Amino acid sequence: KSLLCPSCLFLFPSLYCISVSDTLLSGVSMETFKELSELAKEGNVDGAVEGLNKLIGTDAKTEEGVKAKENAISLLGSLYVKKGNMEEIKRLLETVRPFFSTVPKAKTAKIVRSLIDTLSAIPGSESFQIALCSDVVEWARSEKRTFLRQRVETKLAALYHLTEEYQESLKILGPLIRDVKKLDDKSLLVEVHLVESRVNYSLKNFAKARAALTASRTAANAIYCPPLLQAEIDLMAGTLNAEDQDFKTAYSYLYEAFENFSSLDENKLALRCLKYMLLCKIMTGNTDEVKTIMNGKAALKYAGDELDAIRAISNAHEEKSLKNFEAAVAKYDTELRKDPFMQAHVDNLYSTLLEQNLLKILRPYSQIEITQVAKIIDLPASQVESKLSQMILDGKCLGTLDQGTGCLILFDDDGNDPTYPTVLETIDVMEKVVDGLYNKARSMS
């Protein structure tokens, strides 16, 4: 044990390593690890790092020593992350490979995966994580560590998805899914199918995304699914239901995910779910409920620019004000455009609001110049003409565009005339009668 005072250790971290040298020589122990952990908490990171490296380099001869060494590896990795030293984490993984031969393969996979996951706390480290995962996969394949390889490959596929290298991700997922199905590893199968669903969703292949999500949920129903993983499944289910315009079902899934993420203090993911929930309410026209949810106790802790953007969009939609909507999108461009889901649905809201405003302007007229419509709504004439063409083709506006005069000619809506379908039905019946008479005449002759 160290006989030096904490202030001396803080000023001279190398003295700590000398003071614990006798303990290290006698073997690795949990007591040594606890001392180093306390040193890190006191702020002497350099001293803790040096001591942990010596502890990891010492042979563990007892079960307690192995446990202390495992904890030391995890702590050292987290300290390197705090210092932003990614290369040292890579060196650490290479250094402890001989130690992995002395512990169960499942434990090895847990340690390696946790070390790689800690790197996600460093912004912009995705490329380094991909290189590190690829290196670990090659080592695991050469050592025939299937359990570790499959878990790191799952992480690698998720990283390719984050960096928008979707084809690379799918190349990994195809063989991986076949291997995992052979081993019937349900817990890993849930994660792999979930990553597959996210990749296909990003590629706009919603049919395959839904199929992958269904496979993930089927596997999850057969085992105990951790709350965090279940929340991620619910988030994906809500996202896909929103794409199908089923916003009520989407809201229910997103609410479940939000509650789980909040209880697990996953604030970033919880805020994402909350934004999606509020957007679903706006899409269904329930803007009054948006205010109630945002003023609720659960949502107050996430107050900020992200929710201010949703509030501005909701107010503009409630007022049916195109100008306020454009102002809100311009002001909160980063908050509303960086997420593809948010961007797609905000664009749909804008399109709906533009249609409503155009129909309101056109209501008193039977014929109006397109330039006049553009002047009233304060938009370029080309954009207005394009939108009116689309509305006419979709049957939302009864009229025609006269390109020669640059006018929109509107028709009266007489409602559904029953004459046309009745005539078609009569012709169909008459055709059957004539065919019947023809067949009968042939049989008589």
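Student: How do the axes of helix 12 and helix 13 cross?

Tutor: This is a predicted model, and in it the axes of helix 12 (residues 166–183) and helix 13 (residues 186–202) come within 10 Å and cross at roughly 150°.

Student: OK, salt bridges. How many are there in the whole structure?

Tutor: A search finds 27. One of them pairs Asp184 with Lys186, with the closest N and O atoms 3.5 Å apart. Asp184 is partly exposed at 47% relative accessibility, and Lys186 is partly exposed at 30%.

Student: Which residues do salt bridges with shared partners join into one network?

Tutor: Glu138, Arg141, Arg149, Glu153 and Asp179. Within that, Glu153 and Arg149 have their closest N and O atoms 3.1 Å apart.

Student: Are Glu153 and Arg149 buried or exposed?

Tutor: Both are buried. They sit four residues apart in helix 11 (residues 146–162), so about one helical turn separates them.

Student: And what about Arg91, which side chain does it meet in a salt bridge?

Tutor: Glu88, at 2.7 Å from N to O. Both lie in helix 7 (residues 86–95), three residues apart. Arg91 is partly exposed at 32%, and Glu88 is partly exposed at 23%.

Student: Switching topic: which residues form a nonpolar patch on the surface?

Tutor: Tyr420, Val423, Leu424 and Ile427, with about 420 Å² of accessible area together. Leu424 is in helix 26 (residues 419–444) and is partly exposed, at 45% relative accessible area.

Notes. Residues numbered from 1 in each chain as written. Predicted model: local features only at pLDDT ≥ 70, side-chain atom pairs only at ≥ 80, totals over all residues. Heavy atoms only, no water. Patch = residues over 30% accessible without salt bridge, like charges linked within 9 Å, V, L, I, M, F, W, Y side chains within 5 Å. Areas by Shrake-Rupley, 256 points an atom, 1.4 Å probe, with all protein chains shown as cover. Salt bridge = Lys/Arg side-chain N within 4 Å of Asp/Glu carboxyl O. Helix = DSSP H or I, 4+ residues; strand = E, 2+ residues; numbered from the N terminus. Buried < 20%, exposed > 50% of the residue type's maximum accessible area, 1.4 Å probe, protein only. Axes fitted to C-alpha atoms, helices over the stretch in contact; angles between N-to-C directions.
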